[in-house]
Amino acid sequence: MNMDELLERWRDGTATEADLRELTARLATPEHRDALLEDWLVESALPRALPAALVAEQRESAMTSGTKPSPRVEPKRWSGWLHWRQLAAAAVFAALLGISALWWVQRGAVVEIVKATSGISAEWSSGSRVRLNELKLVRGEVSMRLASGVLLTVTAPAEVKLLDAMQVRLFAGRVSAVVPVAGRGFAVETPAGRVIDLGTRFGVEAGPANVVEVHVFEGRVEVTTSQKQHLQLAAGDAASLDPLQGITNRMAAVETKFVAGVKTADEHLDNPFVGATFYRNVDYTAAVNAAANLKGGVIGQQMRRLANYPTFVWLDSIAAVNGTGSHPRGLAGHLDQALLQGANAIGIVIYDMPNRDGSALASNGELLIAQNGLNRYKTEYIHAIYSILSQPKYRSLRVVMVIEPDSLPNLITNLNFPRVAEAHATGTYVQGVQYAIGKLRSLDNTYAYIDVAHAGWLGWGSNLKPFAELLKKVGAGIPGGNSKVDGFISNTANYNVFAEPYLTADQKVKARQVRSLKSWYDMNDHIDEQSYANALRTALITGRDAYPASIGLLLDTSRNGWGGPKRPTGPSPSTDLRAFVRETTLDKRTHKANSGNQSGAGIGARPVANPAPNYDAFVWVKPPGQSDGSSSLIPKGPENPDGKGFDRMCDPTYQGNALNGHTRTGALPNAPVAGHWFQAQFEELVRNAFPPFSVNGGQ
Amino acid sequence: MSAESTAIQQAAAEFIRDRHLLGAFVGGLLRDVHAAEDVLQEVWLRLSAEVGKGTRIENQPAWCRGVARNLIRQHWEKQQTAKVVAGSEALAAFMERVEQCFAETDHLEHFATARLAALDECVAALPERSRRLLSLKYTQRASMDDIADEVGQSFEAVKKALIRIRAALLECVRRKLSQEEPTI
């Protein structure tokens with residue numbers, strides 16, 4: 001007999017003593033142990049895993065077909081709950097001295113706490129997930145996101161029971177709800193009737209004598225009274241329901257009555273990645289699937305898995321924001337798709353600085369300082385983004401913004417380039433970043449992470465220190481101050497590793513420090529991103545104009561995997577410094593400054609929140625498979641509709657320049673212009689992914 | 001706030017964190033959802049009373065399982081209806097082994113949460129009809145006879161269908177666990 005059959009017998013009570021002995025013996029192996037644990041976990045978790053909508057449907061059909069009513073609300077359970085409440089009151093409430101009464105059992109719903117008034121419960125920090133069954137709030141206010149995406153705010157004094165992600169029972173007090181598309185049909189049961197959402201924001205209050213008020217701020221709701229009266233309320237409408245007489249009054253909605261609750265929809269979080277479901281860029285998913293179909297086989301299967309992960313949307317021109325020209329989908333189009341997906345977060349890149357990337361050519365921008373660039377940046381670019389993001393329907397999305405890759409770093413090392421020198425002399429990069437953050441962060445649901453290049457650019461103390469000073473100066477000049485900056489991102493669209501597992505900067509090979517290798521680390525103080533970003537963070541949160549210590553770090557891990565057969569599995573035995581370092585470091589580029597379509601690179605760690613101390617997340621800012629720039633000059637035309645420039649750093653035949661120590665560029669050949677799909681590179685990134693992608697399951 | 005109430009809060013937080021596994025332990029042994037809930041409640045009351053007295057509990061999950069085990073035995077003794085006699089050696093050995101199995105996962109922080117997350121996805125991917133059957137059994141707690149009536153099928157057919165759906169769910173959970181990395 002197999003394990004599942006034995007478990008089935010135990011569950012239905014037909015197991016014999018022999019079966020039991022057999023089962024006991026098998027549990028000695030981890031495989032069978034896990035089988036039992038999984039079986040029992042599933043059994044006990046199934047009631048809450050089943051969707052609520054279905055239950056509601058069942059109940060409706062039971063009623064209309066005249067069969068016996070559903071036993072969902074069982075008298076036994078109900079009295080059990082009261083009994084429980086009394087006991088718990090004695091044991092817990094007294095001990096917690098006026099702290100709100102909370103209890104969780106197997107029923108209820110898992111919610112993510114968006115914001116709780118301090119002092120309600122130590123376990124309810126923003127972003128924490130708790131299973132909540134009943135909530136009696138003595139004081140304060142709690143906003144929580146349900147699995148359905150509904151943002152529910154409970155204002156004290158209140159007593160509610162969460163039946164599941166789609167149904168709440170309100171006994172007394174006030175709740176308000178912001179309901180995304182995925183949460184349509186969300187219901188609030190009250191003593192005087194049931195309120196069903198049809199896509200909206202609304203508030204419900206159960207007052208004295210069980211008289212209930214329903215206020216609709218946006219969209220529509222349907223109300224069914226205890227007497228089976230039906231009523232639809234639209235935005236601006238409110239109604240009063242009496243448990244015995246039904247609808248007794250119609251009036252105008254008063255949002256201020258619930259305003260505290262509604263406002264928390266925009267509450268700013270310390271780490272927006274916790275509890276977030278990020279938008280999967282539909283256009284990127286389509287490109288990935290097309291690439292996978294083209295390739296087929298095992299690699300094709302691995303490619304398809306990329307579609308499961310979120311990448312950032314690059315707003316690299318005014319047309320990209322508005323969805324004009326060669327950009328069929330603008331920012332609003334992506335935000336709408338995010339809402340349709342039921343996402344509560346999206347990543348975007350703010351990247352149209354005047355004289356952008358003044359030290360590079362493939363990614364240089366459309367705006368020029370000499371041609372009224374800063375004004376156009378403010379009015380045509382940043383303001384256009386602001387007017388889209390500030391629409392009420394996007395308020396439920398956390399918008400994570402990467403601010404202007406490479407601009408501020410250019411001011412530290414690249415003043416010898418005329419366009420950077422001009423940006424420096426006019427203060428354009430600094431003012432542009434300050435304006436962008438000040439304007440966009442005036443919305444509470446946006447999050448700003450300033451690009452800080454990478455260790456191989458600014459890791460030397462002689463660069464890091466002035467850069468930290470520059471960032472402090474920038475922060476101090478942001479309208480609203482430097483607390484508007486949520487953090488910093490390193491390695492955007494680059495190839496540097498998070499940490500080197502097999503060597504350290506100070507380690508010596510034949511009395512020579514690893515960091516001293518001229519052709520590679522060149523006396524850099526920081527040989528990986530974790531060390532660099534933490535050193536920068538420390539400099540930023542201390543001294544004059546210090547940033548708050550709550551700032552978090554991000555790392556772009558989209559292309560820093562360096563897997564595949566060439567990945568070292570331990571330190572090299574070589575006693576020659578150069579051989580030791582190059583055989584031991586994960587990074588297989590020819591020079592740290594090479595950053596165009598690098599040969600041998602792979603996809604890195606998957607996007608994840610809280611990956612390391614001080615880090616808010618690992619993210620994929622650069623969508624893997626999009627070219628960094630063309631490998632040869634492509635004139636403006638069908639292959640280059642935006643007339644993007646040619647940067648010889650993307651040309652594998654180029655002999656290099658002072659920026660990369662006159663080495664070969666290590667770029668892949670036959671690359672299309674920046675941002676266009678580069679199938680050969682995508683294939684290599686997938687092949688060399690680390691951790692590698694699994695092939696089974698077809699996910 | 002007093003030291004005792006802080007300790008109770010901490011105990012509550014830990015209890016909440018581990019509730020899925022304790023729930024599975026109690027529910028799996030008892031196989032009666034109402035009795036299991038009573039036991040869980042009683043475990044918490046005893047735990048909070050103990051912590052309230054100032055007792056330091058070294059290994060709370062193990063302590064809770066121990067209390068639950070004794071409560072389950074008492075429940076069975078009262079019932080005396082189990083096919084397997086409550087006092088049998090085979091049952092005692094089984095319980096002991098099961099308790100050990102749960103203890104082995106105490107250090108695996110995401111053991112339960114990873115499986116529950118996978119379960120949510122797997123339930124969502126089930127055909128409508130399968131979900132309806134599960135809903136009747138697990139959410140509405142209808143009897144097998146009532147479910148058979150409701151869907152217009154024989155008792156045996158419903159029973160087989162439920163076993164099949166459950167097996168498919170487990171298979172799906174295991175498959176997801178073997179391939180999914182954490183993501184945001």
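This is a predicted model: local features need pLDDT of at least 70, side-chain atom pairs count only at pLDDT 80 or more; totals for chains, interfaces and linings use all residues.
Residues are numbered from 1 along each chain as its sequence is written, and chains are lettered from A and ligands numbered from 1 in the order in which they are written.

Biologist: How many strands are there in chain A?

Modeller: Helices (H or I, at least four residues) and strands (E, at least two) are DSSP runs, numbered from the N terminus. Chain A has 19 helices, and its strands number 23.

Biologist: Are the residues of strand E8(A) buried or exposed?

Modeller: In a regular strand the side chains alternate between the two faces of the sheet. In E8(A), residues 187-190, Ala187(A) and Glu189(A) lie on one side, and Val188(A) and Thr190(A) on the other. A residue is buried with 20 or more other C-beta atoms, placed from the backbone, within 10 Å of its own, exposed with 12 or fewer, and partly exposed in between. These four residues are all buried.

Biologist: Which residue in E9(A) is the bridge partner of Glu189(A)?

Modeller: Strands pair if DSSP finds at least two bridges between them. E8(A) and E9(A), residues 193-206, run antiparallel and are joined by four bridges. The partner of Glu189(A) there is Arg194(A).

Biologist: Why is Leu133(B) classed as it is?

Modeller: Leu133(B) is found in helix H7 of chain B, residues 128-139. Because 21 other C-beta atoms lie within 10 Å, Leu133(B) is buried.
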